[in-house]
Amino acid sequence: MVNLAGLLLLHYAFMFYSVNGKTHHHTFVVKSASYTRLCSSKHILTVNGRFPGPTLRAQRGDKMIIKVYNRGKDNITLHWHGVKQPRNPWSDGPAYITQCPIQPGKKYTYRIHFTTEEGTLWWHAHLGWSRATVHGAIIIYPKRRSLYPFPHPHGEVLIILESIIAPPILMPARALNHMSSDLLATVPFLFIENSQHVLITAGEWWKKDVMEIERNATITGGEPQISDAYTINGQPGDLYPCSKPGTFKVKVEHGKRYLLRIVNAVMNYKLFFSVAKHKMTLVGTDGSYTKPFQTNYIMITPGQSMDVLLEANQHPSLYYMAASSYFTISDSEFDNTTTTALLQYNDWNDPSPSPLMPHLPDHNQTQAATRFTKKLRSLASKKHPVRVPLTVDTKLFVTLSINLVNCSTAKPCEGPYNTRFSASLNNISFIMPTSCDILWAYYYGIDGVFDKDFPSKPPNAFNYTGNDLPDNLLMPDFGTKVTVLKYNARVELILQGTNVLEGDNHPFHMHGYSFYVVGWGFGNFNPRRDPLRFNLMDPPEQNTVGVPRNGWVAIRFRADNPGVWMMHCHVADHQEWGMKSVFVVEDGDDPQAKILPPPHDLPEC
């Protein structure tokens with residue numbers, strides 16, 4: 001339990017940083033640690049022994065140098081989700097795309113530069129299922145002498161992910177004047193008078209070894225075992241067996257305003273999240289500010305982060321914060337449990353009533369998800385302008401499909417009809433290289449690692465969201481194909497979901513960029529009618545967008561970050577099955593528009 005009135009605020013602590021930004025140094029040790037959940041213990045992969053991992057804090061414009069030592073038994077890489085990493089794809093992290101993995105016993109130093117990002121992002125492992133337990137939050141505060149563009153919390157409280165590990169440190173606000181930024185980054189809890197925020201990370205828990213679950217699914221070709229529980233800040237909550245004592249709890253003061261920073265680190269599920277009897281005001285998503293709007297719940301996809309304000313204005317009592325899945329495939333098994341945390345008012349002293357539970361939409365309530373998503377708009381202010389390309393010179397149309405691959409009759413697989421699950425973009429199921437990563441091959445002109453002919457539209461047009469689609473659509477082609485973009489190209493990308501095998505929601509993430517979501521809808525995208533409805537005034541700026549089941553999303557961005565950048569579905573199953581590809585953005589003419597040279601300590605394959 002964390003008492004919000006007893007913690008120091010980091011936002012104002014960062015006000016003492018240099019105007020030109022600060023460089024923070026961190027050490028991450030990837031290692032196994034024992035954790036107990038759901039009545040049993042097991043070893044999981046962690047960073048510094050923590051689950052979830054350390055929270056990184058910076059100001060806009062700061063840099064970080066993070067030394068990563070792999071003391072685990074498997075290869076690992078780390079990705080800084082939503083950080084653009086200008087000209088520096090060498091530190092982006094996806095295995096075999098921008099680097100070879102860090103092998104057991106080896107190390108690698110990531111160099112991170114925060115530029116336009118402001119708000120909540122996160123970091124996670126980017127090789128197989130290791131991100132199930134290897135992840136943590138990133139908080140980027142406004143620049144020195146800058147304020148949030150929304151009503152400031154009366155008090156701000158940071159509840160970092162490792163709160164179940166480290167005890168709080170209490171100190172007077174004036175002590176921050178004498179602390180270095182690097183020391184501040186190590187403090188587990190801080191409080192300053194008159195400002196509060198809460199960090200909430202949603203995750204999952206399996207009783208079995210998650211890496212073994214992944215390996216078994218790869219061998220059999222079937223769907224991986226579903227999770228046994230969702231978690232909030234690493235704890236399942238008291239609706240699960242043996243979990244009540246560890247339930248995450250936040251104490252609040254009546255009349256105060258709190259900033260909740262929410263990350264969906266779940267592997268495969270979109271989530272509804274709500275707080276009983278309390279309305280929330282969304283003010284940011286994916287490290288960008290939004291026009292504020294009030295809501296009873298949010299729908300957040302895997303990979304997304306959201307910032308919401310909460311007013312502690314209800315009768316002093318005990319209230320549940322809760323999250324459960326948004327899942328629309330009727331014939332598929334899923335984790336339909338509910339994870340909870342507790343919101344407790346300081347002056348509540350009646351232990352007898354049970355906590356009040358929020359009303360969460362039913363798991364298949366697409367209307368509820370749509371009502372929330374359609375309200376997202378960029379702040380579009382003078383200090384936080386919108387820079388969406390009004391005209392485009394590069395148009396891409398990409399279909400997202402779940403596919404099947406035949407197995408031998410002598411050794412049938414465990415997918416439908418004894419086949420193996422696969423997934424594709426424009427009917428290309430991506431094959432990861434192994435001899436070297438794509439960035440290395442591109443930078444040094446090594447042939448035979450990838451092809452530059454990813455199709456700009458589906459090879460064969462069809463009724464993408466129709467029923468009873470022909471069986472010949474089930475089998476994808478395979479390849480390591482990339483899309484080459486000219487520097488500064490103004491790109492429009494249509495992401496079209498399909499009903500091949502069965503439609504699903506696809507949270508689509510792009511590395512190296514944030515983008516503007518200028519339009520979306522259900523059914524097939526109409527190139528004549530739908531662009532007339534595009535929002536080019538205040539579209540939300542995101543790095544991960546949910547493509548609705550049997551629907552489409554239109555995004556725009558300017559290709560002004562040279563390098564090799566992955567794009568993929570953030571549902572772990574779909575990504576592992578091949579629903580991913582790569583943008584190669586060419587160098588510009590100016591020296592500041594060219595990829596930085598590779599660091600000396602890049603891991604070898």
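Just after helix H3, Gly-221 takes a positive phi of about 80 degrees. That value, like the others here, comes from a predicted model. Helix H3 itself covers residues 210-220. At its start, a side-chain oxygen of Asp-209 reaches to within 2.9 Å of the backbone nitrogen of Met-211. Met-211 is also one of the buried residues of H3. An α-helix has 3.6 residues a turn, so residues three or four places apart point the same way. What covers the buried residues of H3 includes strand S3 (40-47), strand S24 (420-425) and helix H6 (572-577).

Now turn to strand S21, residues 318-326. Nine of its nine residues are buried, so the strand is largely enclosed by the rest of the structure. S21 pairs with strand S16 (residues 270-275) in the antiparallel sense, over six bridges. In that pairing, Lys-270 has Tyr-326 of S21 as its bridge partner. S21 also pairs with strand S22 (residues 338-345), again antiparallel, over seven bridges. Here Tyr-319 stands opposite Leu-343 in S22. In a regular strand the side chains alternate between the two faces of the sheet.

Next come the charged pairs. The count comes to 17 salt bridges. One of them joins Arg-60 and Glu-118, whose closest N and O atoms are 3.1 Å apart. This pair links distant parts of the chain, 58 residues apart. Arg-60 lies in the loop between strands S4 (56-59) and S5 (63-70). Glu-118 lies in the loop between strands S7 (107-113) and S8 (119-125). Arg-60 is partly exposed at 23% relative accessibility, whereas Glu-118 is buried at 6%.

Glu-502 and Arg-549 also meet in a salt bridge, 3.0 Å from N to O. They too link distant parts of the chain, 47 residues apart. Glu-502 sits in the loop between strands S28 (489-497) and S29 (506-510). Arg-549 sits in the loop between strands S32 (544-547) and S33 (551-559). Glu-502 is partly exposed at 22%, and Arg-549 is partly exposed at 25%.

The side chains of Asp-530 and Arg-529 form another salt bridge, at 4.0 Å. Asp-530 is buried, with a relative accessible area of 3%, while Arg-529 is partly exposed at 48%. Elsewhere, salt bridges that share partners join Lys-291, Arg-377 and Asp-538 into one network.

Trp-440, Tyr-443, Tyr-444 and Ile-446 make a nonpolar patch of about 350 Å². Ile-446 lies in the loop between helix H5 (438-444) and strand S26 (477-479). Ile-446 is partly exposed, at 34% relative accessible area.

Terms used:
Residues numbered from 1 in each chain as written. Predicted model: local features only at pLDDT ≥ 70, side-chain atom pairs only at ≥ 80, totals over all residues. Heavy atoms only, no water. Patch = residues over 30% accessible without salt bridge, like charges linked within 9 Å, V, L, I, M, F, W, Y side chains within 5 Å. Areas by Shrake-Rupley, 256 points an atom, 1.4 Å probe, with all protein chains shown as cover. Helix = DSSP H or I, 4+ residues; strand = E, 2+ residues; numbered from the N terminus. Buried < 20%, exposed > 50% of the residue type's maximum accessible area, 1.4 Å probe, protein only. Contact = heavy atoms within 4.5 Å. Polar contact = N/O pair within 3.5 Å; in protein donor to acceptor, adjacent residues only side chain to side chain. Pairing = 2+ DSSP bridges.
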